[in-house]
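Subject: Structure handover

Hello,

Here is the structure we spoke about. Please open it alongside this message.

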Amino acid sequence: MLLEKLREYSGRLDLDPPMYLKTPIKWLIDLDGRGRFINFVPTTQEAGSKKDRGKEFSAPHIGRASGVRAKLLADNGEYVLGLARDKSKQIRADECHRAFVEQVRTCADTTGEQSVRAVLGFLEHLDVAELSFPKDWDPAHTMTFRVQGLLPINLRSVQEYWCAVAAGDEEANSKSADMPMSCLICGQLRPPVKRHQFKIKRIPGGQTSGMAMISANVPAFESYGLEASLIAPTCQQCGEQFTKAANTLIEGEDTHVTVGPLVYIFWTKGEQPFSVATLLGRPEPSDVRALIESAFRGTTAATKLDGRPFYATAFSASGGRVVVRDWLDTTIGEVRRNLARYFVLQRLIEWDGAEGRPYGLFALGASTVHDVNRELSPQVPKALLHMALKGGPLPMWLLFQAVKRNRAEQGITRPRAVLIKMALFSQRPNIGEDSMINLNMSDQDQAYLCGRLLAVLEAIQREAIPGAKATITDRFFGTASSAPASVFGRLIRGAQPHLARLRKDRRGAYEALEKRLEEVQQNLATFPKTLTLQEQGLFGLGYYHQRAADRAAAIAHKQARNQQAD
Amino acid sequence: MANGLPLEVKVWGDFACFTRPEMKAERVSYPVMTPSAARGVLEAIFWKPEFAWHVREIWVLNPIRHYSIVRNEVNSKAVVSTAHGWAENGGGYFAEEDRAQRHTLALRDVAYLIKADIVLSAHATEDVAKYRDQFRRRVNRGQCYHRPYLGCREFAAEFGQPDGSEQAIVLDDDLGRILFDLNYASDRSGRGVPVFFSAHLQAGVLKVPPQLYLREA
């Protein structure tokens, strides 16, 4: 299904011609119409840098491992001029060069193109000593020919010729060319490819040269006597198309999100009304607001597209293979509604009481671990993304991760508070528009009140001992959030001297804090012995809300005072 | 022949992986049970050389949920001759030295209702009713030749007589081309050519086109 949809998508793309691939080419060998050498021309301005592999051209491609297989008209110096690289043998370079010349000769004979003949003429009378090489020329670089200002690889007849040759070569290469199989993707009876020529690139942690999706490289992966890519017979054309489509999606700004070891790609049948990748990766508050509004109102322009299919998949790498981690097949309308819910659940005020901004997958996932590069399991962003696109609840283990992190860090950060809120409230099928965005004074939940109480006690300590190195939160957040009864008695007793000092020195602060303490305590009859996982989550939110409200009040107070002073 | 109602059996389990051949090294499951997996379950319960199973319908009873696991597996196959060699010359097999981490995108909490026919072979002399009754008795008693499984051996299946309350999920979906079965080579080598068909899930039911079985008969 996945491969089929990818191939379907490739039909909408402006792809390279068949058996052509975007390849960096560093040098153009300029020839005149009769094949006389003029010069080497670098394709990029700043020649000389070692990393520069040249400008990308759509050039003939063929997969090769260790054997000698020449590409048509564009290849490295060993093939094109027969000059060995530093570490390779001259005998091999000669062999490569012969194969290359042979390739050009058959092409010239078949197509009859004048420019290809010119290249052939140049190759037949080649004397390497006569060429004037630029300083930074290296046989490892890729080069192609330019005849009278035009690239023969761009000629239509050359492209058609290469498609026929390379695909035919592929058939000869496949062991069971005499036995066509029905292609897994298009369903037609065609010779299957034994090894895919095109690879999927840019998957985190994978080989830079790319990876194959279908490959049985050791006996345990084979079936019914079918080896390599024959375990799932695909024809050359389908194989090339789905791979190119996947690569285009992985490269596209709007179509992929990379989170840790996973890369997610998204596409739709037809145009995409919003960029899921941007929304999940780096959400802009304005885009999110527009999305939520359109989902709840259902504007006509939006609903027209709502029935269209929407696909998402996650890839990761395992050695030389592509791993499909996730696969989603839904509609644009569903995704829009679920995304809106995902962002509504994220609503939470900032530490200073300002309206909160939405987070990307990375920030939310990173809040559950200490070192995001080493510890973040792919399951975390996957669960978040699943909820964002498919709806439903977040798994409870995600709440556990967040609560565990709270305890380890003895505190809570805003991304983690958002995550806890999402995990708690996504369990309920219908969420109120503004539940738990802000401090809820009427919430009687004991765990929530305990969280608020800790924030108030901390505020008292901070006022009494400004600049204290370790606050009570730093020392007691973990215990207070899991077993309140064991610490709160002590903390309240400990706050008494602080209050006494404030009463003497700073009457105003004392009264405000005393009042806040009473407010929280009056609904808190006894302290619970232990709190469940959900309650520990609520505790964190209570603490966060109270602190944010305090901060907001303090800022408002300061502003009012400044205005009076003015 | 397919006279009267097809035979029914309900199978369910915690996990299932009906591996897609195109994603076999790093397994990805089809969203529903394939006809060949259903045949495997039926054959595990009852099989005789006198007949073949023709799967008619597969009802999907539970919502389709995916589940992903990574496991340590090995790169080699168990080969009889190699094992004989150990018996003679000592040695053995150490999985730690031959490991591959492989990912599986499996299914979670599955349940299916399989409807199938017993189709007699040319050499059969008994009435088909005999085998049908035998099958029903075996399902009732929970008898099987080997434990039926859901796509992979490690995902064991429970099975039983349907109680009539089974309802397929509400889902229409185009499943694309999925594996029907393998055309095994006649030389008993175990080699085979996979056969695919365009599958559709209509109101949670996967209907297997009967003409797929005609080739064999």
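My notes follow, grouped by region.

One caution before the details: this is a predicted model.

**Helix 15 of chain A**

Start with helix 15, residues 414–425 of chain A. At 1.5 Å a residue, its twelve residues should span 16 Å. The end C-alpha atoms are 16 Å apart, so the length agrees. Is this helix enclosed or open? Twelve of its twelve residues are buried, so helix 15 of chain A is largely enclosed by the rest of the structure. The buried set includes charged side chains, among them Arg414(A), Arg416(A) and Lys421(A). It also takes in Pro415(A), Ile420(A), Met422(A) and Phe425(A), among others. The cover over these residues includes helix 10 (332–345), helix 11 (361–366) and helix 13 (379–390) of chain A. Helix 14 (396–409) and helix 20 (533–565) of chain A are also part of that cover.

Most residues other than glycine have a negative phi. With 22% relative accessibility, Gln410(A) counts as partly exposed, because buried would require under 20%.

Arg202(A) belongs to the loop between strand 8 (189–190) and helix 6 of chain A. It is exposed, at 59% relative accessible area.

**Helix 1 against helix 6, chain A**

How do these two helices cross? The axes of helix 1 (residues 2–10) and helix 6 (residues 236–251) of chain A come within 8 Å and cross at roughly 80 degrees. The two helices of chain A are therefore roughly perpendicular. On the helix 1 side, the contact uses Leu3(A), Leu6(A), Arg7(A), Tyr9(A) and Ser10(A). Helix 6 of chain A brings Cys238(A), Gln241(A), Phe242(A), Ala245(A), Ala246(A) and Leu249(A). By class, the residues of this contact are eight nonpolar, two polar and one charged.

**Val257(A)**

Val257(A) is in strand 9 (residues 256–259) of chain A. At 7% relative accessibility, it counts as buried. Leaving out residues up to four places away in sequence, Val257(A) touches Leu262(A), Val263(A), Tyr264(A), Phe266(A), Ala277(A), Leu280(A), Gly281(A) and Leu361(A). Val257(A) and Leu279(A) are 22 residues apart along the chain, and 9.7 Å separates their C-alpha atoms.

**Arg27(B)**

Now chain B. Arg27(B) lies in strand 2 (residues 27–28) of chain B. Buried or exposed? At 12% relative accessibility, Arg27(B) counts as buried. Its side chain makes a polar contact of 3.0 Å with the side chain of Glu73(B). Setting aside neighbours within four places in sequence, Arg27(B) also contacts residues including Cys17(B), Thr19(B), Arg71(B), Arg102(B), Leu105(B) and Cys152(B). His103(B) is another of its contacts. Arg27(B) and His103(B) are 76 residues apart in sequence, yet 6.3 Å apart in space, C-alpha to C-alpha.

Best wishes

Key:
Residues are numbered from 1 along each chain as its sequence is written. Chains are lettered from A and ligands numbered from 1 in the order in which they are written. This is a predicted model: local features need pLDDT of at least 70, side-chain atom pairs count only at pLDDT 80 or more; totals for chains, interfaces and linings use all residues. Side-chain values use heavy atoms; hydrogens and water are left out. Helices (H or I, at least four residues) and strands (E, at least two) are DSSP runs, numbered from the N terminus. The expected span of a helix is 1.5 Å times one less than its number of residues. Buried means under 20% relative accessible area, exposed over 50%, partly exposed in between (1.4 Å probe, protein chains only). Contact means heavy atoms within 4.5 Å. A polar contact is a pair of N or O atoms within 3.5 Å; within protein, one must be able to donate a hydrogen and the other to accept it, and residues adjacent in sequence count only if both atoms are side-chain atoms. Axes are lines fitted to C-alpha atoms, for helices over the stretch in contact, and angles run from 0 to 180 degrees between N-to-C directions. Angles under 35 degrees count as roughly parallel, over 145 as roughly antiparallel, 65 to 115 as roughly perpendicular and the rest as oblique.
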